[in-house]
Amino acid sequence: MEAPSTRLPIFFIFLLLSVSSPIFIQKSLADGVTPDEAKQLRDEVREMFYHAFNGYMKHAFPLDELRPLSCEGEDSLGGYALTLIDSLDTLALLGDREQFAASVEWIGKNLRFDINKTVSIFETTIRVLGGLLSAHLIASDHTTGMKVASYENQLLDLAEDLARRLLPAFDTPTGIPFGSVNLLYGVDEHESKITSTAGGGTLTLEFGVLSRLTDDPIFEQVTKNAVRGLWARRSKLNLVGAHINVFTGEWTQKDAGIGTSIDSFYEYLLKAYLLFGDEEYLFIFQEAYGAAMHYLFNDPWYVEVNMDSAALVWPLFNSLQAFWPGLQVLAGDIDPAIRTHTAFFSVWKRYGFTPEGFNLATLSVQHGQKSYPLRPELIESTYWLYKATRNPRYLDAGRDMVASLQYGARCPCGYCHISDVEFHKQEDHMESFFLAETVKYLWLLFDLAAGPDNLVENGPYKYVFSTEGHLLPATPQISLVREHCSYLGAFCKSRVESESDAINNATSAEEAKHSFSEGTTSTETPPSSDFDELTSTTGLIRGFCPGLTHGQKFGMIYIGSTSTDDESVTETEAAQRHSTVVVTDHNSGHSTSDEKNIDNSQEHREEGDVMNDPHPN
């Protein structure tokens, strides 16, 4: 197994993916998939959404989730109309103004969190908090085309109330939160001190956005401390385990992988950088991603190893691993993403769905892991790979996925879990993420092929997708908080300086070094006088920042890749040719930026665009 290249194109492939490029456009979409048929598939997916959504509203609302076989409802998380909250931004994406407005108004008037319910920090954050924030940002902004006239920030108020009820979970010696909290009474004295890495490390997007919208840094601070707490306890190989004691910091399960219990920890490192421009997340992602590719990648599959010794523990394809190729697209590492997606999709083709576990030693479904609970991860990666390469194979894959769901999972009132992929046995349950993610990514795939006309592709902002598929826009208020720009009209919002701000605004290398948490590796930095004129933190606009950037502290150099007019390029070259390559230069004491110019006609819309692990355990 070869060590991965250190050249990881990251930020500007993200910018590239937010706009259409003539390099990628092909008239022939796929064998048998014409533009008109792509529209038909898009409309079929739309009908799939409403079959399930209407079934929920008729038979289950206001309970949390639908039982699609018996056409009944059930409370599975907190008893607060979970599926409706999770579906809000999908309604907006589909352009359903009437249902979106009605749903926002109902939630604003009826939803309350002062209830005696013990809930999962992870699930509540990604499904409920993320759903409320995404819908608020759409309903309050006329540029989205979905502004609700009667809306007065009720969803934002609910989101803040909910987040404050989750804060007691973070009161631990390590900063890593408990897995559950009671919304009325806080953390129970008998609450387990063991949590998953994904459960503690997949909260930064939602809490960070909330801090920016409320001008209260506490939410972002606690979740960033949780990430630091996990990363500080990584092994010497830069691997993290699956479960950890939040009081002692001891790993209780040392299996390292990219699937169950860990997956979205990697995802949120990159996406937090993309959305907030915080280079500390980028630095951690680079280290973590490099270790994962070196120790876990058994081309084209990924295995689980001991985090300390890298000894093989588990040769298993876990269905939650299927998000990884999509994450690699966002990181600009296209080649392995293509190969891994091909391998993962071969499992889908074999069974019609991906089982929770597929044994790579026996090449058979893992005993006890035969189910497919309507997960979106492989569909999500299919969407991102098609968006990056425009290769028609991904439309073929999407068409097969639609057929499998229609003929194997469709139920009288919605879509059913598949309890056994070998016999396509249906189970009477439909997770809310089926509407938040699974059909959303399918619809986006075919809408992109048919000629995109939606909020993500043509809207006023670039969007980062949360791990629950919620749309988080890179607005100035969210993404440019730390900018200190020198021109009239720049976005500068007065706010309480957070710990991370203090680091960015340190006036000397020594101050910067001492501001970092215990778990962050530090290196020698040059005097601050060498950096009198710095580019902005995010690089989206030019301005000045008074302190060292995280990249400068750690010797990262940003190198723009060269471009060529040669049209005979591979899909990998095409996807990477406009990206910025990030390399680590241990001999350099500063970072420079040589970014490829973005077409002036696109500059007014370049504000993010970016996936998923509904269950860390």
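## Two helices in contact

Contact here means heavy atoms within 4.5 Å. The model is predicted. Helix α5 covers residues 121–139. Helix α6 covers residues 154–166.

Which residues of α5 meet α6? They are I121, T124, T125, V128, L129, L132, L133, A135 and H136. On the α6 side, the partners are L155, L156, L158, A159, L162, A163 and L166. By class, this contact holds 13 nonpolar residues and three polar ones. It has no charged residues.

## How α5 and α6 are arranged

The axes of α5 and α6 lie 8 Å apart. The two helices pack at an angle of about 160 degrees. Angles over 145 degrees count as roughly antiparallel. Therefore α5 and α6 are roughly antiparallel to each other. What is the hand of the crossing where α5 passes α6? The crossing is left-handed.

## Residues annotated as active site

Now turn to the database record. An unreviewed UniProt entry gives the annotation "active site" to E123, D263, E356 and E377.

E123 lies in helix α5. Is E123 buried or exposed? The cut-off for buried is under 20% relative accessible area. E123 has 7% relative accessibility, so E123 counts as buried.

D263 sits in helix α10, which spans residues 263–276. D263 has a relative accessibility of 0%, so D263 also counts as buried.

## A binding site in a loop

Where does UniProt place the feature "binding site"? The unreviewed entry puts the feature at T467. T467 is found in a loop. On one side of that loop is β19 (463–465), and on the other is β20 (471–473). T467 has a relative accessible area of 0%, so T467 is buried.

## A threonine in α16

T438 takes its place in helix α16. That helix runs over residues 433–450. T438 has a relative accessible area of 0%, so T438 is buried.

What does T438 touch, leaving out residues up to four places away in sequence? The list is L374, R375, P376, I379, L405 and F433.

## Recap

Helices α5 and α6 are roughly antiparallel, and α5 passes α6 in a left-handed crossing. T467 carries the "binding site" feature in the UniProt entry and is buried in the model. T438 is buried as well.

Methods. Residues numbered from 1 in each chain as written. Predicted model: local features only at pLDDT ≥ 70, side-chain atom pairs only at ≥ 80, totals over all residues. Heavy atoms only, no water. Axes fitted to C-alpha atoms, helices over the stretch in contact; angles between N-to-C directions. Helix = DSSP H or I, 4+ residues; strand = E, 2+ residues; numbered from the N terminus. Parallel < 35°, antiparallel > 145°, perpendicular 65-115°, else oblique. Left-handed = near helix turned anticlockwise from the far one by under 90°. Nonpolar A, V, L, I, M, F, W, Y, C, P; charged D, E, K, R; others polar. UniProt positions renumbered as here; feature names shortened; annotations may be inferred. Buried < 20%, exposed > 50% of the residue type's maximum accessible area, 1.4 Å probe, protein only.
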